[in-house]
Amino acid sequence: GEKIERVRESAAQFVRQMGDDDFLTVIAFNSVPQVVVARERVAVVRGSAIAAINTLSAAGDTALFDSVAQAADSVAESASASRTNIIVVLSDGKDTSSKRHTMSPSLTSLAVQNDTSLFTIAYGQDAAADVMSELANKSNGSYFVGSVANIDEIYQEMSAAFGGNVGVGR
């Protein structure tokens, strides 16, 4: 319904605000993580990434922890000391189907490798705020409570923190 529609709109706006030289990976997750955009320069994939985001739907289980680990692996493949490495996680925080990872020190260790910060957005009134805040707090990041009303502002705040229109990853 309106919840997933606003998430798609806001995520697409976030991609629009990224700099051409930033790199982007988009991982959708339900019962398993699925790489939708694999570490591409934003200038090359901006339009196709937004189109892919616009097709995302909310359905099935949630492999949150496996998806965070997959995102960390993706960052590790391209990490650079000259870039800011961030992972943005938007979820209700309820992991219902991860097979490889749990909420554990090994997961947060994996997430912070390569000077990576994890920014979490607990989305929805029923979100597991404790899980999402713990992920952010133990991963050098920030935690946000998201809703249909404020999701745009959260993405704008994150974008501004990393360079705004000149690039999220700087």
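Student: Leaving aside neighbours within four places in sequence, which residues is Ile 121 in contact with?
Tutor: This is a predicted model, in which local features need pLDDT of at least 70 and side-chain atom pairs count only at pLDDT 80 or more, while totals for chains, interfaces and linings use all residues. Residues are numbered from 1 along each chain as its sequence is written, and side-chain values use heavy atoms, with hydrogens and water left out. Contact means heavy atoms within 4.5 Å. By that rule, Ile 121 touches Val 88, Val 89, Leu 90, Ser 91, Met 132, Phe 144, Gly 146, Ile 151, Ile 154, Tyr 155 and Met 158.

Student: How many residues does the largest nonpolar core have?
Tutor: A nonpolar core is a set of buried Ala, Val, Leu, Ile, Met, Phe, Trp, Tyr and Cys residues joined through side-chain atoms within 4.5 Å. Buried means under 20% relative accessible area, exposed over 50% and partly exposed in between, with a 1.4 Å probe and protein chains only. Val 15, Leu 24, Ile 121, Phe 144, Tyr 155 and Met 158 have the most contacts inside this largest core, whose residue count is 22.

Student: Which helices and strands each supply at least two residues of this core?
Tutor: Helices (H or I, at least four residues) and strands (E, at least two) are DSSP runs, numbered from the N terminus. The elements are helix 1 (2-17), strand 1 (23-29), helix 2 (42-53), strand 4 (116-123) and helix 6 (151-161).

Student: How many residues are in the second, separate core?
Tutor: Among its members are Ala 69, Ile 87, Ala 122 and Val 131. The count for this second core is 20.

Student: What is the order of the strands in the open sheet?
Tutor: Strands of a sheet pair through backbone hydrogen bonds, either parallel or antiparallel. Two strands count as paired if DSSP finds at least two bridges between them. Strand 3 (85-91) and strand 5 (143-146) are the edges, each pairing on one side only. The three strands pair in parallel, in the order 3-4-5.

Student: Which residue of strand 5 stands opposite Tyr 123?
Tutor: Strand 4 and strand 5 are joined in the parallel sense by four bridges. The residue opposite Tyr 123 is Gly 146.

Student: How many bridges join strand 1 to strand 2?
Tutor: These two strands form a hairpin, with three residues between them. Phe 23 stands opposite Arg 41 in strand 2. Strand 2 covers residues 33-41 and runs antiparallel to strand 1, and the number of bridges is six.

Student: Are helix 1 and helix 6 roughly parallel or roughly antiparallel?
Tutor: Axes are lines fitted to C-alpha atoms, for helices over the stretch in contact, and angles run from 0 to 180 degrees between N-to-C directions. Angles under 35 degrees count as roughly parallel, over 145 as roughly antiparallel, 65 to 115 as roughly perpendicular and the rest as oblique. Helix 1 and helix 6 pack at about 20°, with axes 9 Å apart. The pair is therefore roughly parallel.

Student: Is the crossing of helix 3 and helix 4 left-handed or right-handed?
Tutor: Helix 3 (residues 64-78) and helix 4 (residues 105-112) pack at about 30° with axes 8 Å apart. A crossing is left-handed if the near helix is turned anticlockwise from the far one by less than a right angle, and right-handed if clockwise. Helix 3 passes helix 4 in a crossing that is left-handed.

Student: Is Glu 134 partly exposed or buried?
Tutor: Glu 134 sits in helix 5 (residues 129-137). Its relative accessibility is 31%, so Glu 134 counts as partly exposed.
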